[in-house]
Amino acid sequence: ETAIVLLHTSPHNSEIFAPLFGKLASLRPKMRIIAPDMPGYGGTDPLPGPPASLEAYVPHFRAFFREMGLRQVIIYGTGTGAQLAIAYANAYPDKVANVLIDNVFQASQPERQIILANVFPDLTPGPDGSHLLKAWDLANSFTQYFPWFMADEIRRIGPPPTPEQAQKTVLDFLNAGTNYAQGYQAAFEHERPENLQRLNVPTTIFRWEGSAFLAQIDDLIEAGLPPNIQIADTPAPLTEHYKAVAERMVKGVK
């Protein structure tokens, strides 16, 4: 059986795909759609030990898909999930029918070094509750600037989140625990041109007009991509974007 698999970005979980589920269900009501939480996020236990790389997560997804009886998967990933989709397809190309990715780009080596050298704040609970303010400051910067710790206008990627949006991100950070940064760090280390270039399965990169990383996506496209990787332009409103994503996904279903 072939199923659509949705892989979320960190520190969030599969709950972010609720609107996309609706779009897919309206197009293919009987299609099997699975949105697992990445180990360590949402409701899933973390890996047994610290991941040496993003590839450390891949065998766990393979075991899960095998347990679910899936012969092949169509994988959609965004952010961290996009890198997981690339890593999985490179490890098991015969088990992947299509890869569809959002918010994917390749950082330069200097950018990567700066980001990996600036660790995420320690959110270990403290008796004075100061970890909550750290989590709030991180959540407030996370969607405004890239990197989040360089809060100046030249680094701005989006408007300030609403208090409700920041609260949701804070809860996701805290739910993931003190190792909340592991998935993000592993994914960022994986964001290298050679990993994308190695893909040999049909792949779609969404050039979403509403993406906070549109400029970086354009840089990636301009650098050149192999013929098996196609670009799909989608409109800025999230509902219209997800409609276009869903339509592209179900086209790959046999």
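Which hand does the crossing of α3 and α7 have, left-handed or right-handed? The close-ups below start there. This is a predicted model, where local features need pLDDT of at least 70 and side-chain atom pairs count only at pLDDT 80 or more, while totals for chains, interfaces and linings use all residues. Residues are numbered from 1 along each chain as its sequence is written, and side-chain values use heavy atoms, with hydrogens and water left out.

**View 1. The crossing of helices α3 and α7.** The crossing is left-handed, a label given when the near helix is turned anticlockwise from the far one by less than a right angle (right-handed if clockwise). Helices here are DSSP runs of H or I with at least four residues, strands are E runs of at least two, and both are numbered from the N terminus. The axes of α3 (residues 80-91) and α7 (residues 182-190) come within 9 Å and cross at roughly 60°. That makes α3 oblique to α7, since angles under 35 degrees count as roughly parallel, over 145 as roughly antiparallel, 65 to 115 as roughly perpendicular and the rest as oblique. Axes are lines fitted to C-alpha atoms, for helices over the stretch in contact, with angles from 0 to 180 degrees between N-to-C directions.

**View 2. Residues where α3 meets α7.** From α3 come T80, Q83, I86 and A87, and they meet G183, Y184, A187 and H190 of α7; contact means heavy atoms within 4.5 Å. By class, this contact has four nonpolar, four polar and no charged residues (Ala, Val, Leu, Ile, Met, Phe, Trp, Tyr, Cys and Pro are nonpolar, Asp, Glu, Lys and Arg charged, and the others, Gly among them, polar).

**View 3. The largest cavity.** On a 1 Å grid over the protein atoms alone, a cavity is a set of points where a 1.4 Å probe fits but cannot get out, and lining residues have an atom within 4 Å of a point. The largest cavity holds about 40 Å³ of space, and its lining is V5, L7, V58, F61, F65, I75, L84 and Y88. Elements giving two or more residues are β1 (2-7), α2 (58-67) and α3. The lining has eight nonpolar, no polar and no charged residues.

**View 4. The largest pocket.** A pocket is an open set with protein on both sides within 12 Å along at least five of seven lines. The largest pocket has a volume of about 1,300 Å³; of its 45 lining residues, T9, H12, N103, T143 and W208 are the closest to its centre. Helix α6 gives the largest share of the lining, five residues.

Notes
Grid points are joined across faces, edges and corners, and a volume is the space filled by probe spheres set on the points.
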